[in-house]
Amino acid sequence: MNVVMNVTTVNALGNFAVPIVYIASTVFFVLGLKLMCRVRRARRGVTLLGLGFVLALAGLVLEAAHLDPKLVLAGVAAGLVLGLIVGLTGKVELGAGFAPLLAAAGGVAAVLVAVSAFLSDEAWPLGGALALEGGPRGAALGLAIASGLAALVLGVLAAQGPAARGSGQPSVVALAASASGLASAMVGFALGNPIVVTVGGLVATAGWTLAAIVASALGREPLDVAFGSGGKAGESSARDEYRNVKACGPEETAMVLENARKVVLVPGYGMAVAQAQHALAEIAKMLSLRGVKVVYAIHPAAGLIPGHMNILLDEAKVPAAQILEWEAANAELADADVALVVGANDIVNPATLNDATSAVFGMPLIDVARARAVFVIKRSLRPGAAGAKNALFDLPQTNMVLGDAKKVLQAIGVELKAQTPAAAAA
Amino acid sequence: MDTGLILWTVMMFVLAAFVGHHVIHGVPTLLHTPLMSATNAISAISVVGAIVVAGSEYQTVRTILGVTAVAAAMCNVVGGFLITERMLKMFKGGGPGSKGGGR
């Protein structure tokens, strides 16, 4: 307390500057997170979060001018270079991203600071009246080390565990961020730094809440996504041969499509790779003109990252009313005449429901087998990202249309136009 | 150590935790991954503590731990923000083929 009073008398401005900078930083962090929940504001949200971070560091510089800058700058420079390399070259997509490893690094950092604080009982240079001492300090540091290690484990799990292959990955990384935030907050308690306590607490629950939201979109609990079942036997079953595959061409597909009353389109990763959304939308339009009811079924994990299909379909000007989430789509499939799967595999694999040994077991399923006929446009019979065999391809009602999604869809479009002069004129 | 002041800090933590829970609300599927990435980036706020440990004149072991922690946390922050930004750019560009895309 003496230290604080001395500072007050010596430099009132300096005494107020640090709290004000920290308060502004907290406001930016909260607003940034809020904006990041809205599609149109998300980028501004990132900017605010970045400003919050810069302000937190600025506050520290004001508060701790006595620190030896050489080693600090060396550490900052090393982190900056590593962060730039990972941030600019790392893959953004689901399943291979560097985000989980970054989360693990954050956990490690919290553990190292806590261990370092454990090594000595010296008075903390900054904290003064705010820093914990004795038993409470030990407890906070212990909790910091435990949750930092939890963040490390979750980060590694998200990078390499069963969740890494599925749509649960964002949930596990959010959990890791939550643990890392808690660890930071505990470090903040032990060291007496208010901004670390506040932002740590904020992230601890924000991460947990996000993990729960992502997991519930998949019909699961966050901890179950992180540690629960996932493909143990997936690779062995992938080697199984297909016995009953029927292939057919665009012509036959077009004929069945134009005679249907209801068609469900199921786009996947392959459609994104082939950039086939315009060709697909074109077909949907021609079918609609003929009076066929057309809907798109969007799986939460379709594409590179969740929401990818919505962006592509929006780009192809597909009416939002035709786009259904997986559960609504399954209801439509019950009386659909045709399900047309475009470059998707794991998301239409019935093993998610009935094969506990499969890598995809427990994932949401777009149950195309409910439709009377299924057409699957795919480049080959190779397994998808999860490495699992797909029993759908062996079903009697399934027809494989092998080839590049865009070329096949364009060929189907040509057939539809040729066979339906009325629609072509319209 | 002043117990009264410390209790204020604990209260800040509790309130921040409630704000963190309530501010994440109505997140569209599209933003799950970018928000995950941003949360991940700011979870490394412990970099502030790490800088203090690295810059104080402690014995060698603690300084090494501190500098390593600064590097690890800074990497998490910078990498996390850049990846988040690239994800959001990808949405704007509309697909993996565009120049902002991640492939």
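Analyst: Helices are DSSP runs of at least four residues, numbered from the N terminus. The model shown here is predicted. In chain B, the elements run α-α-α-α from the N terminus on.

User: How many helices and strands does chain B have, and what percentage of its residues count as buried?

Analyst: Chain B has four helices and zero strands. A residue is buried if 20 or more other C-beta atoms lie within 10 Å of its own. By that criterion, 63% of the 103 residues of chain B count as buried.

User: Where is Ala183(A) found, and is Ala183(A) buried or exposed?

Analyst: Ala183(A) belongs to helix H7 of chain A, which spans residues 169-191. Because 34 other C-beta atoms lie within 10 Å, Ala183(A) is buried.

User: Which residues does Ala183(A) touch, leaving aside those up to four places away in sequence?

Analyst: Two residues are in contact if their C-beta atoms lie within 7 Å. With those sequence neighbours set aside, Ala183(A) touches Gly107(A), Ala110(A), Ala144(A), Ser147(A), Gly148(A), Ala151(A) and, from chain B, Ser46(B).

User: How many residues does the contact take from each chain, and which element gives the largest share of the side of chain B?

Analyst: The contact takes 106 residues from chain A and 81 residues from chain B. On the side of chain B that touches chain A, H4(B) provides the largest share, 29 residues. By class, that side of chain B has 49 nonpolar, 27 polar and five charged residues.

Terms used
Residues are numbered from 1 along each chain as its sequence is written. Chains are lettered from A and ligands numbered from 1 in the order in which they are written. This is a predicted model: local features need pLDDT of at least 70, side-chain atom pairs count only at pLDDT 80 or more; totals for chains, interfaces and linings use all residues. Helices (H or I, at least four residues) and strands (E, at least two) are DSSP runs, numbered from the N terminus. A residue is buried if 20 or more other C-beta atoms lie within 10 Å of its own, exposed if 12 or fewer, and partly exposed in between; C-beta atoms are placed from the backbone. Ala, Val, Leu, Ile, Met, Phe, Trp, Tyr, Cys and Pro count as nonpolar, Asp, Glu, Lys and Arg as charged, and the others, Gly among them, as polar.
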